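Let's take a look at the pockets in this protein. Here is the structure to keep beside you as you read.

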Amino acid sequence: FTRIWCVYELFLTLVEVKKDGSEKGVWAVYTAKKHTYECDYEAQERESVGIISGGPPTDGNNVYITAQREQHFPYEVISKALNINVEKADASVVADRVHILNAIIGKSKTDINDPPPAEHDTYIKLNDSLKSIFAASQASLQGAAKEGDVEWMAMLGALSKGTKKNDMTFNFGPDGGFSGLTATRATQLMSHLPLTIKRLDISGAEYGSEFMEALIEQVGKFKNLESLWIYDTKVGDE
């Protein structure tokens, strides 16, 4: 994300397409990563892994399959996403950088050669959109959960700024990707869920009333929620 033409493509995908209220933009990033992917009792040796906003068609719109696949994305790559600043992107041709940054902030053709501003609300919107997509992946949150409080809260901050109408699932049970998460962090996670979620699945969350109160408060703020599943979860001792 340090090249200006990549930044422009991301702008057209994540920001520009939303002016008509549509959700047509699809963002994807892949990296080389040898790993064993297991799903439906079948193991496959794979050479790469990707994160795709909303999940790829091959996942069959199944949030569990998407979570199983994305968990192999290397966290060391994801963690760098929190430092994305599109306004600092480089270009081989200086004029390209000037034109693209000005186009992103909506300048007309007559002003396209003006020196672009160092800061702008559209830069912030694009940075937040990029970071939130990374943060919403299972690999991001599970990786951040193994880090200190500063890294954990930075990832949650990025997650909370999401604008995609995605599905999210969290399995806190002994066989889930979030097993071992403390009650404090599980509660913090619920308080930072993006407000644009369409479907939310939660299982194995035996964290008590504080966790549930945080979840209820956040769900009350959701703008697009269509489905909420909570199972194998206790509020008290029963």
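Helices (H or I, at least four residues) and strands (E, at least two) are DSSP runs, numbered from the N terminus. The model is a predicted one, where local features need pLDDT of at least 70, side-chain atom pairs count only at pLDDT 80 or more, and totals for chains, interfaces and linings use all residues. Residues are numbered from 1 along each chain as its sequence is written, and side-chain values use heavy atoms, with hydrogens and water left out.

A pocket here is an open set of points on a 1 Å grid over the protein atoms alone, where a 1.4 Å probe fits, with protein on both sides within 12 Å along at least five of seven lines; lining residues have an atom within 4 Å of a point. Volume is the space filled by probe spheres set on the points, which are joined across faces, edges and corners.

| Pocket | Volume |
|---|---|
| Largest pocket | About 500 Å³ |
| Second largest pocket | About 270 Å³ |

Start with the largest pocket. Its lining has 25 residues, and Ser 53, Gly 54, Gly 55, Asn 166 and Asp 167 sit nearest the centre. β2 (42-52), α2 (63-70) and β3 (167-171) each put in at least two residues, with α2 giving the largest share at 4 residues.

Now the second largest pocket: 14 residues line it, with Tyr 64, Ala 67, Gln 68, Asn 171 and Gly 177 nearest its centre. Two or more lining residues come from each of α2, α6 (138-144) and β3. Once again α2 gives the most, 4 residues.
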